[in-house]
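Good morning, and thank you for the time.

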Amino acid sequence: MKRLPLFCKGDLDGFFGLFIDNLVQLILIIFLLGQCGIEATSPLLLEFILPGIAMSLLVGNLFYAWQAWRLAKRTERDDVTALPYGINTPSVIIYVYFVILPVATSPGGSPELAWKMGLLACLGSGIIEFLGSFVGSRIRKTTPRAALLSTLAGIAIGFIAMTFALQIYQRPLVAMVPLGIIMLGYFSHYKFPWGLPAGLLAVLTGTLAAWIFPNVLPMNLSGPAMDASLIGSSLDKVGFYAPQFTGASIWEIMTGEDKSWLGFLSVIVPMGLFNVLGSMQNVESAEAAGDSYSTGTSMAVNGLGSIVAACFGSCFPTTIYIGHPGWKALGARAGYSVLNGIVFTAICLTGVAGLIQSLIPMEAGIAIVLWIGIIITAQAFQATPLQEAPAVAMGLFPAIAAWGATAVMGAFIKLGFSGPDVPTM
């Protein structure tokens, strides 16, 4: 067996892909919380939510890197890839719109009360996933691979590929060059000069295009210009924000006279079960790609990651990401997970998330995420028997339909056509 290196070249590509994915989630969180009265400069965000995210990402990324290293050592292989891990995108959207925002905008509600309710929701999700880890392996063994991978592919199409492809074509002069670099580097395995990783080169070119083109071309061609004034305001908030234990805030909500949190169990329980199913699917996806991990252990640590998030201030559960085959195809091993945990801990504890957001446009990196969506969709057909292709195709439809329903309902909410008096059917 070859000596296992701590890092390899593929880890750098894998890191940039996972980093951009997590960064997109972070930017999304900051944007959505702004609608709930928790601004980017709010102490709730800088002192509690971001440090809580840091703790949850660090715990999970380090564990899954260690898990991959153990598997490589046990099987005497040097091509084992760690399970990708990060913030759970569906939970972010659902918890903001169905837990945090309703509390923040209700009579007597406040951003702080909404944040505490979000902590409780995150804790509930983590507990459900942790308990689900004890039965996850048995359920996974009795579920056909087509059933697990097809729904995963549907999510990849609806909530990754379609969403990010639309953003790429909305701002083509900024996003199309990074997309071309990703396709050339990842699908054709083209070697760029000086050995530059395709992910790094894509982010660099997209960022340069976003800062240069709007200054020399009409806005209808280049899109809006980057706002340089945001850099200064973001720098003012840079500092060190130590994680703080928030268990007392959760206990205050649970034991208070107001028992309205019980009503949110109708959101928390389904989302917790959704996360359990998602983790099983992603462990199955990893095994289909050649890396067999313990279902129960992987799910238990994912659940603990969400519990850690809640106990240190984050309202958002973590998850084993879809896309393991994509990271494996990049040549990523265990080091990319370590890098992601360390870098995001530094970002979240120092308050530089806003600074990064002001410097790097989202379009510069979303081509990497789009590529992951393509790989996941392809795997659903490639890793299942040919005669099961109709079942895989059928499994795509619910997620695509859910994407359409989410887009329509999001438009209604944005326009104010929502509430108890507005029919949903």
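This is a predicted model: local features need pLDDT of at least 70, side-chain atom pairs count only at pLDDT 80 or more; totals for chains, interfaces and linings use all residues.

Residues are numbered from 1 along each chain as its sequence is written, and side-chain values use heavy atoms, with hydrogens and water left out.

Let me begin with the charged pairs. A salt bridge here is a side-chain nitrogen of Lys or Arg within 4 Å of a carboxyl oxygen of Asp or Glu. By that rule the model has five salt bridges.

One of them joins R77 to D79, with N and O 2.9 Å apart. For accessibility, buried means under 20% relative accessible area, exposed means over 50%, and partly exposed lies in between, using a 1.4 Å probe and protein chains only. R77 has 22% relative accessibility and is therefore partly exposed, and D79, at 29%, is also partly exposed.

Another salt bridge pairs E112 with K116, whose closest N and O atoms are 3.7 Å apart. Both residues belong to helix α4, residues 111-141, and are four residues apart, about one turn of the helix. E112 is partly exposed, at 44%, whereas K116 is buried, at 10%.

K116 also forms a salt bridge with E252, at 3.1 Å from N to O. E252 is partly exposed, with a relative accessible area of 45%.

I turn now to helix packing. Two packed helices are described by the angle between their axes and the distance between the axes. The axes are lines fitted to C-alpha atoms, for helices over the stretch in contact, and the angles run from 0 to 180 degrees between N-to-C directions. Angles under 35 degrees count as roughly parallel, over 145 as roughly antiparallel, 65 to 115 as roughly perpendicular, and the rest as oblique.

How do the axes of α1 and α16 cross, and within what distance do they come? Helix α1, residues 9-35, and helix α16, residues 366-382, have axes that come within 8 Å and cross at roughly 105°. α1 is therefore roughly perpendicular to α16. With contact meaning heavy atoms within 4.5 Å, F16, G17, I20, D21 and V24 of α1 meet I366, I368 and V369 of α16. The residues of this contact divide into six nonpolar, one polar and one charged. In that scheme Ala, Val, Leu, Ile, Met, Phe, Trp, Tyr, Cys and Pro count as nonpolar, Asp, Glu, Lys and Arg as charged, and the others, Gly among them, as polar.

Helix α7, residues 198-216, also packs against α1: the axes come within 7 Å and cross at roughly 45°. α1 is therefore oblique to α7. D13, F16 and I20 of α1 make this contact with A198, G199, L200 and V203 of α7. Here the division is five nonpolar, one polar and one charged.

Finally, the individual residues. Y293 sits in the loop between α11 (265-288) and α12 (295-311). Is Y293 buried or exposed? Y293 is buried, with a relative accessible area of 5%. Leaving aside neighbours within four places in sequence, the contacts of Y293 include Q67, L71, R140 and S298. A polar atom of the Y293 side chain lies 2.6 Å from the backbone oxygen of T81.

S306 lies in helix α12 and is buried, at 2%. Not counting residues up to four places away in sequence, S306 touches C122, G126, P317 and T318.

The last residue concerns backbone geometry. Most residues other than glycine have a negative phi. E76 is not a glycine, yet has a positive phi of about 55°. E76 lies in the loop between α2 (43-75) and β1 (85-87), and is exposed, with a relative accessible area of 60%.

Conventions:
Helices (H or I, at least four residues) and strands (E, at least two) are DSSP runs, numbered from the N terminus. A polar contact is a pair of N or O atoms within 3.5 Å; within protein, one must be able to donate a hydrogen and the other to accept it, and residues adjacent in sequence count only if both atoms are side-chain atoms.
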